[in-house]
Amino acid sequence: MTTNQLIRSSILAGICIGIAGFGYLAEKSIIGAVLFAFGLLTVVHYALKLYTGTAGFIKKGEVGQLLLILGFNLVGCLLVSLLVRCSPMPLQETAQKILEGRLAMGPLNGGVLAIGCGFIMTTAVTFARQGKNLPLLFGVPLFIMCGFPHCVADAFYYLCVPVSFLAEHAVAILIFYVSIVLGNFVGCNLYRFLMNHE
């Protein structure tokens with residue numbers, strides 16, 4: 001995959017997660033959590049580049065590529081967040097409540113909980129690559145209902161929050177975000193860490 005293809009694939013993956021996140025903000029319940037699986041199913045079907053779908057499978061020397069994927073995942077999320085600002089539904093308020101809850105748990109707890117999301121994601125993607133989608137259909141609602149942060153979905157929620165709130169809490173948000181990116185990475189690689197897989 002060329003760099004140009006990687007960038008476009010990563011943006012599309014971010015758009016898929018943003019659309020799924022839009023649905024969850026519109027229906028913040030188990031129904032919304034189940035509907036969120038649309039985003040991950042689309043990412044897997046089209047083999048798009050998503051941070052949490054890639055982190056558990058990278059090889060040595062590909063960390064820079066992984067960060068590039070994350071960066072352009074965020075661009076895709078940003079594009080969908082513009083739709084949220086056009087919606088008559090109170091989506092920004094819902095997103096702010098999610099962010100406030102994240103900040104209240106603190107970066108240490110957030111990072112640890114993010115490990116659970118990463119573990120579920122690598123498990124689900126491994127099965128989905130074999131044409132078995134049930135772990136994905138169950139895994140996505142599972143990490144959402146457990147409150148395990150997903151660094152791309154969370155970024156979408158943050159980008160939907162009123163700008164004034166983001167500016168006021170920018171440093172705390174950045175610290176928390178870095179912690180969940182790292183937590184997701186650890187969780188995505190638990191199989192390799194514990195089973196000595198290359």
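**Helix crossing.** I started with α6 and α10, which cross in a right-handed way (right-handed if the near helix is turned clockwise from the far one by less than a right angle, left-handed if anticlockwise). Helix α6 covers residues 91-128 and helix α10 residues 170-188; they pack at an angle of about 20°, with axes 5 Å apart. That makes α6 roughly parallel to α10 (under 35 degrees; over 145 is roughly antiparallel, 65 to 115 roughly perpendicular, the rest oblique). The axes are lines fitted to C-alpha atoms, for helices over the stretch in contact, and the angles run from 0 to 180 degrees between N-to-C directions. I then sorted the α6 contact with α10 by class and got 15 nonpolar, nine polar and one charged residues. Here Ala, Val, Leu, Ile, Met, Phe, Trp, Tyr, Cys and Pro count as nonpolar, Asp, Glu, Lys and Arg as charged, and the others, Gly among them, as polar.

**Ground rules.** This is a predicted model, where local features need pLDDT of at least 70 and side-chain atom pairs pLDDT 80 or more, while totals for chains, interfaces and linings use all residues. Residues are numbered from 1 along each chain as its sequence is written, and side-chain values use heavy atoms, with hydrogens and water left out.

**Salt bridge.** How many salt bridges does a search of the whole structure find? I got one, counting a side-chain nitrogen of Lys or Arg within 4 Å of a carboxyl oxygen of Asp or Glu. The partners are Arg102 and Asp154, at 2.8 Å, N to O. Arg102 sits in helix α6 and Asp154 in helix α8 (residues 151-160), so the pair ties together parts 52 residues apart in sequence. The cut-offs are under 20% for buried, over 50% for exposed and partly exposed in between (1.4 Å probe, protein chains only).

**Thr3.** I looked up Thr3 next, in helix α1 (residues 3-26). Thr3 is exposed, at 52%. Its C-alpha lies 14 Å from that of Val63, 60 residues apart along the chain.

**Whole chain.** I count eleven helices and zero strands; these are DSSP runs (helices H or I, at least four residues; strands E, at least two), numbered from the N terminus. Buried residues make up 46% of the 198. The C-alpha atoms fill a box of roughly 45 × 35 × 30 Å along the principal axes.
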